[in-house]
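Here are my notes for your first read of this model. Keep the structure open as you go through the points.

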Amino acid sequence: MTTQPEHGHGREKEVVISGRGITVGFGDRLILENLDINVYRGEILGVVGASGTGKSVLLRTILGLQKKRAGSVEILGVPYDDADPDTRASIDRRLGVLFQQGALFSSLTVLQNVEFPMREHLRLSPRLMEELARLKIELVGLAPEAADRMPSELSGGMIKRASLARALAMDPAIVFLDEPTSGLDPIGAAEFDELIATLRDTLGLTVFMVTHDLDSLYTVCDRIAVLGDRHVLIEGTIDDLLAFDHPWVQKYFRGVRARRLESEV
Ligand SMILES: Nc1ncnc2c1ncn2[C@@H]1O[C@H](COP(=O)(O)OP(=O)(O)OP(=O)(O)O)[C@@H](O)[C@H]1O
Ligand SMILES: [Mg+2]
């Protein structure tokens, strides 16, 4: 598996997702061009960039849901895009996804939604599957009664949690979250961030999180990748980004700088 020396330490960090030379276009419009990205084991990577820069396209490309024109994607040490169907399926089982749109199947209860990936990938008795699904529902902080509700009967925050429960159904090693806190009030968003951080700490998850939320970036992300000009402009800690001389990055993170100064007073 690919490893890279961690800056300033002797320890090696394990790369669990490696994208190289990724190029994606629609018609004659290139969205991503020769993009490189690394995600390290156990980190929460925040992915930011102006609306329309291709964050969701990148997420879908890494997962093989979006065709690319060039480049390669390695997940958990396996050349994912080149893998045979069986190898791919074995990797897929270790990935959980919370998409930006259409988080839950509207015709299924929360419980049935969480059971859905298990039905697809595992051969388990209905009773065991239900038990495991109820466990996930509890894990994300939903009340047991929520299991039998329909998505239309849930608040926005509950839908996010239920979607997260479904993303965690297969005990993934890596979860992909696309704007998980959008539409939540600041307290709901902060609680969701806390949940993500707790799950990372307790389950050892690696998190790839697309977000616009500066608070999320500041409080839970270990590193941030900034998308712009069709590639990753910079990947690093908040401090690396604050020191990075690029107009969009400077403008975007000015809020973080202000927060940092406040907390230092
Ligand atoms: N299937 C598609 N066909 C054509 N164009 C597409 C398709 N999917 C995405 N695009 C275009 O690719 C660009 C990037 O889209 P994407 O959804 O990745 O943006 P984003 O960075 O996630 O934005 P946001 O922050 O608003 O979610 C947009 O211009 C979008 O219109
Ligand atoms: Mg998007």
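Is D81 buried, partly exposed or exposed? D81 counts as partly exposed, at 24% relative accessibility. Buried means under 20% relative accessible area, exposed means over 50%, and partly exposed lies in between (1.4 Å probe, protein chains only).

1. Ground rules. This is a predicted model, in which local features need pLDDT of at least 70, side-chain atom pairs count only at pLDDT 80 or more, and totals for chains, interfaces and linings use all residues. Residues are numbered from 1 along each chain as its sequence is written, chains are lettered from A and ligands numbered from 1 in the order in which they are written, and side-chain values use heavy atoms, with hydrogens and water left out.

2. Salt bridges. The structure holds 12 of them. The term means a side-chain nitrogen of Lys or Arg within 4 Å of a carboxyl oxygen of Asp or Glu. Side chains of opposite charge can pair when their charged atoms come close.

3. K68 and D81. Their side chains form a salt bridge, N to O 2.7 Å. K68 sits in the loop between α1 (55-62) and β5 (70-75), and D81 in the loop between β6 (78-79) and α2 (85-92), so the bridge ties together parts 13 residues apart in sequence. Helices (H or I, at least four residues) and strands (E, at least two) are DSSP runs, numbered from the N terminus. K68 is partly exposed, with a relative accessible area of 22%.

4. R230 and E33. This salt bridge has an N to O distance of 3.0 Å. It links distant parts of the chain, 197 residues apart: R230 is in the loop between β10 (223-228) and β11 (231-236), E33 in strand β3 (residues 29-40). R230 is partly exposed at 39%. E33 is partly exposed too, at 34%.

5. D201 and R200. The closest N and O atoms of this salt bridge are 2.9 Å apart. D201 is exposed, at 57%. R200 is buried, at 15%.

6. A network. E43, R223 and E235 are joined by salt bridges that share partners.

7. Helices α5 and α6. The axes of α5 (residues 156-167) and α6 (residues 186-203) come within 11 Å and cross at roughly 15°. The two helices are therefore roughly parallel (angles under 35 degrees). Contact (heavy atoms within 4.5 Å) is made by K160, R161 and L164 of α5 and E191, F192, L195, I196 and L199 of α6.

How values were computed
Axes fitted to C-alpha atoms, helices over the stretch in contact; angles between N-to-C directions. Parallel < 35°, antiparallel > 145°, perpendicular 65-115°, else oblique.
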